[in-house]
Structure formats: C-alpha cells, structure tokens
Amino acid sequence: MGREAGHGDCAMYADQFELLSRGDIDAVLIATGDRWHTLLSIQAAKAGMDVFCEKPCSMTIAESRALADTFQRLGRIYQAGTQRRNGSNFELAANLARNGRLGQLQTLHAQVGPGDRWPPITTFDWLPAEPEPPNDVCDWDRWLGPCPWRPFNSQYIRGRWRGYFDFHGGGILEWGSHTVDLCQWAAGLDETAPVEYEPRGMGSDTPYSIHCRYANGLQLVMRDSDFLDLGSCHIRFEGSEGWVETADGGRIETSENLRNESPDVPREVARAATANHVRDFLDCVKSRKTPRSNYLAACQAHVACHAAYIAFQLGRSLTFDPARDTFEGDEMANRMRSRAMREPWKI
Amino acid sequence: MYRTVGLALMFVVGNLSMVLANQQRENEALQPMVDGKYGSAAEIMALAPAQLVEILEDSDATLFAKSRACLRLAVVGGKDEVPALAILLEDSQLSHYARFALEAIPDQAVDEALREALGKVEGKLLAGVINSIGRRKDVDALPLLGKFLHSEDAEVSQSAAEAMRRIRPAFY
C-alpha cells in the first residue's frame, strides 16, 4: 500500500485500537467484515476521526441507531460505502422521482440479493473446527471481535464468512443496504423507514420479497428477481405518470413518455461512482458539509433492511414504529433488534 | 510417441486427482457441524424452551448444541429459562452465549440474575455482565456498579463507567 500511495512509510497494526489511538489521523476507511463496522466506526469517531465505512454498516437495528447517535453527538463526518448515491445513472433516476416527472410516486422497488447466490437470511451453522493458526497469521479471537465465539475454520477467513448469522445480514442486507438506501434517497425519506413489512417466498431461496409501506402510503418492494436485466443492484421507481429502472450496467429504462429525459450512462461513467463517492467524502472532511451517504441516511436504510430481515426470519408481517425503532405487538421481533456483544467489546 | 502420450496422460490424471482431492477437502470443510445427540443447528433451533434448557443442563451436550440453545432462547426464552442461563454466566466458553439470551429476555428475573453474577465472575466475564446490565438499563444495579468504577482491571472499570452512563446519562 505504501508503494501504491507513493511513499514507503505505511504502518501496519495488528490491533485496530492502536491505530485509533494515534493522534495524527483525520479520517479512516473501515473495510473489515461487517461484524466490526459499527464498533470501529464509533470508536474512530470517539477518537476524533471522520469515517468512510464499507456497507453493510451495522448488524442490528440497535447498532444502526448507536452509529447515527454517536456521529450526530460528536459532529464527525460519516460516509457509508453506498457509492451508488454518487453514480450518474442512479442520480438521474432519483431526479426523475424527485422532480415530479414520474407523477405521484407509488412504488419503489429495491433489488435484494438474488436468492440463488445470496440467500435472504443466514444460517446458525458452524463449520467444523480446524487447528487455529498462529496469532501472527490470524488472530482468531480478534477476527471474531464482538461476535459469539465459534471454532476456527479457514473457510471463514478466505471470505466465506457470509451467510452465517454471526457475521452477515443475508441477501436482504447485502444488497438492500445499497438499493433500499437509493429508494429512500430518491423518495426524500432518508429520515425514516417503512412502517409495515410483509415477507413472501419464505422456505425457498428464490424468488423472495418483502412488501413494505411507509407512513405516507408509499410502497417499497424488496425483491430478488424479475428486474429488466440491467446489471446488479436494480432499482425501479413507479409513479402515476411513468416509471424508471436502472442498475449497475448504466442503462436507464423508462416508460415511453420519459425516453428523451433519461439518456443511458456509459458503463465507464457509471463505474466512476466509487471514485465520486470517495471524492464526496474527502471534500466533506475538508468543508464539514454532509456527504450523500451520511450517518442518518445509512442508519435508516439499514434499519429498514434489518426490519425486513426480522420479518422474513419470523415468517410473518410486522408493524414498525420508525420513531422509536420498535415493532408493535411483537415481542419476538423486538428481541431481535439487538445482540449482546462478546466481552469485552461494547458500543 | 506412445511413451509421450502415456506421460502426458499420467500428468493429466495426476493433476486431476489432486484437483479432486482438494475439492473433496474443501467440501468437507464446508459441511456444517451436526451434534451427535441433538442434530443440526436448524434442528436444535426448532426445539421448545424446556427442551433447550435440557440441552443446557446436559453435561454431555457439546458446546455447539449449548450455544445454539442459547441463541434460540434469546428469542423464545422466558422467566423459567433464566436460572439455567444464569449458571452459564460463570462458564468461560458460554458466558457470552448466556448473556446473548439473557439480554433479550424482558423479565426482571434477568436483572436479578445479572446483579447476582457480579459477585461470582471476574475479568472479561465480569466486564461482559456489567455491559449487559448497562444495556438493560437496570437502575437497581447502580449502587453495585459504583463499586467497580475503581477496579484495577481497566476493562471492568470502563464497562462500569459506561454502564452507569447508559443507565443514568444525566448523572454520569
């Protein structure tokens, strides 16, 4: 990394907290597994740093809220790694929704992880135990961090940690953290989450969907399939006067009446989303303005995904109060809003 | 020529068996664990609370089975399951799993069990119990937590300070 950045003094730390205790760092990029994202973001903010954190940003509703509360209280800059907010084609689609060209918005569609590759929810399985490597190869206890202990298996550290309850939020959170986020952004609903969640397709990996409704009546459908094959991470916005759909490929499909207002974005321009997103963050570190994927937007999109996940796991419809982060009349669902962290970790 | 073809064949067959052996090892490494007595994670998670407690109280049950039972009790456990979980707070391997369940159970019996555990555990396990008390905002635990503010164990004293702040933010 040092060579890549043009200097040779890139320091490496086995202990993240040693790095965070340095007094000369303005901002950090957090690109660990999901299990560490919230805890490290909060610790970095407490250490006076701004944070760019990969998504998913949290493991639970409670973590999402703690993240937003901390950054609001401390006034640090937070950018979630939901780079599509700075992708030209997604921005064009969002603008069509915002400026009334679609008429009255009726339904937002967010593609969640296609179930054949990203099952909607995770398993409680353990892989068989293998001998733990030496700490300088992999500090297993540190790798697990706040998650429940389980025996070492080399598959986890080769990237196959996804799909397990302790480490991952399933296909719903994996893609929903991008696409639900885009839907809420386009609809001007960054400060809330749907109030109703109805899961469909339980018992098989695909097709599946969660049909949600906001307090203002707007529908949000999280579904894994039946989009227009425009790439990964589709979004589709439908209004009384028209519709628009796009995805990572950059192509934008619309209803006939909007064809002239939605030029396709060349693939290379669409791919600039990540660079634009990092630029947005760095500009905000300097200006102290709010980046596009700020803590509140990220928190609320994640809350919506976690609520959808809980509805899917329980296999029943849920009513949610986004002002209090509480499910109404469902104690089991409320219990699933948080998880105890393994000692000594806490947020 | 036959010799060359033979050598090439041997090379291909040798490489193929190596690839297949590696594939088999990888497949075995990805086979989920199954408890000989209680079955798979999914089977354990489908049990009723009383049966989950039986696993916790079974001295022959594996860590895998007991940990799955705790995860499930976080969602379905109640007052009746608290004593079996409370005992595990002193178990270095299962203390966190017990807290995972206890933190989620909305019953006063949990707060009483966590307070009682303050005098039974130490080190990281004590820090964990204090963290759970803080998460549950147990006001009755405040006088007990104050005693740990000056613990020589930094993890314990920091957890106590954080828990007290969480329970009574205006005071601490």
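Ala, Val, Leu, Ile, Met, Phe, Trp, Tyr, Cys and Pro count as nonpolar, Asp, Glu, Lys and Arg as charged, and the others, Gly among them, as polar. By these classes, the lining of the second largest pocket has nine nonpolar, four polar and 15 charged residues. The structure is a predicted model.

**Pockets**

About 940 Å³ of space lies in the second largest pocket. Its lining is made of 28 residues, and the closest to the centre are A:Ala62, A:Ser338, B:Arg135, B:Lys137 and B:Arg166. From chain A, helices α2, α3 and α11 (331–335) each supply at least two lining residues, as do α6 (95–104), α8 (123–136) and α10 (154–167) from chain B. Helix α3(A) gives the most to this lining, with seven residues.

The largest pocket holds about 1,300 Å³ of space. It is lined by 34 residues, of which A:Ala11, A:Tyr13, A:Gln16, A:Leu19 and A:Leu29 are the closest to its centre. In chain A, α1 (16–20), β1 (27–30), α2 and α5 (140–144) each supply at least two residues of the lining of the largest pocket. By class, this lining has 21 nonpolar, six polar and seven charged residues.

**Cavities**

The structure holds two cavities of 30 Å³ or more. The largest cavity contains about 240 Å³ of space. Its lining has 22 residues, and those closest to the centre are A:Glu63, A:Pro146, A:Arg339, A:Ala340 and A:Met341. Two or more residues of this lining come from each of α3 of chain A and α6 and α8 of chain B. The largest share, four residues, comes from α6(B).

The second largest cavity contains about 40 Å³ of space. A:Lys346 and A:Ile347 line it together with B:Asn131, B:Gly134, B:Arg135, B:Glu162, B:Ala163 and B:Arg166. Helices α8 and α10 of chain B each supply at least two residues of the lining of this cavity.

The table sets out the volumes and lining classes of these spaces.

| Space | Volume | Lining residues by class |
|---|---|---|
| Largest pocket | about 1,300 Å³ | 21 nonpolar, six polar, seven charged |
| Second largest pocket | about 940 Å³ | nine nonpolar, four polar, 15 charged |
| Largest cavity | about 240 Å³ | ten nonpolar, four polar, eight charged |
| Second largest cavity | about 40 Å³ | two nonpolar, two polar, four charged |

**Helix packing**

Two packed helices are described by the angle between their axes and the distance between the axes. In chain A, the axes of helix α2 (residues 34–46) and helix α3 (residues 61–74) come within 10 Å and cross at roughly 10 degrees. Angles under 35 degrees count as roughly parallel, so α2(A) is roughly parallel to α3(A). Their crossing is left-handed. On the α2(A) side of the contact are A:Thr38, A:Ser41, A:Ile42, A:Ala45 and A:Lys46, which meet A:Glu63, A:Ala66, A:Leu67, A:Thr70, A:Phe71, A:Arg73 and A:Leu74 in α3(A). These contact residues divide into six nonpolar, three polar and three charged.

In chain B, helix α4 (residues 63–76) packs against α6(B) at an angle of about 10 degrees, with the axes 7 Å apart. The two helices α4(B) and α6(B) are therefore roughly parallel to each other. Helix α4(B) passes α6(B) in a left-handed crossing. B:Ser67, B:Arg68, B:Cys70, B:Leu71, B:Leu73 and B:Ala74 in α4(B) meet B:Tyr97, B:Ala98, B:Phe100, B:Ala101 and B:Ala104 in α6(B). The residues of this contact comprise nine nonpolar, one polar and one charged.

Notes: Residues numbered from 1 in each chain as written. Chains lettered and ligands numbered in written order. Predicted model: local features only at pLDDT ≥ 70, side-chain atom pairs only at ≥ 80, totals over all residues. Heavy atoms only, no water. Axes fitted to C-alpha atoms, helices over the stretch in contact; angles between N-to-C directions. Parallel < 35°, antiparallel > 145°, perpendicular 65-115°, else oblique. Left-handed = near helix turned anticlockwise from the far one by under 90°. Contact = heavy atoms within 4.5 Å. 1 Å grid on protein atoms, 1.4 Å probe; cavity = no way out; pocket = protein on both sides within 12 Å on 5 of 7 lines; lining within 4 Å. Points joined across faces, edges and corners; volume = space filled by probe spheres on them.
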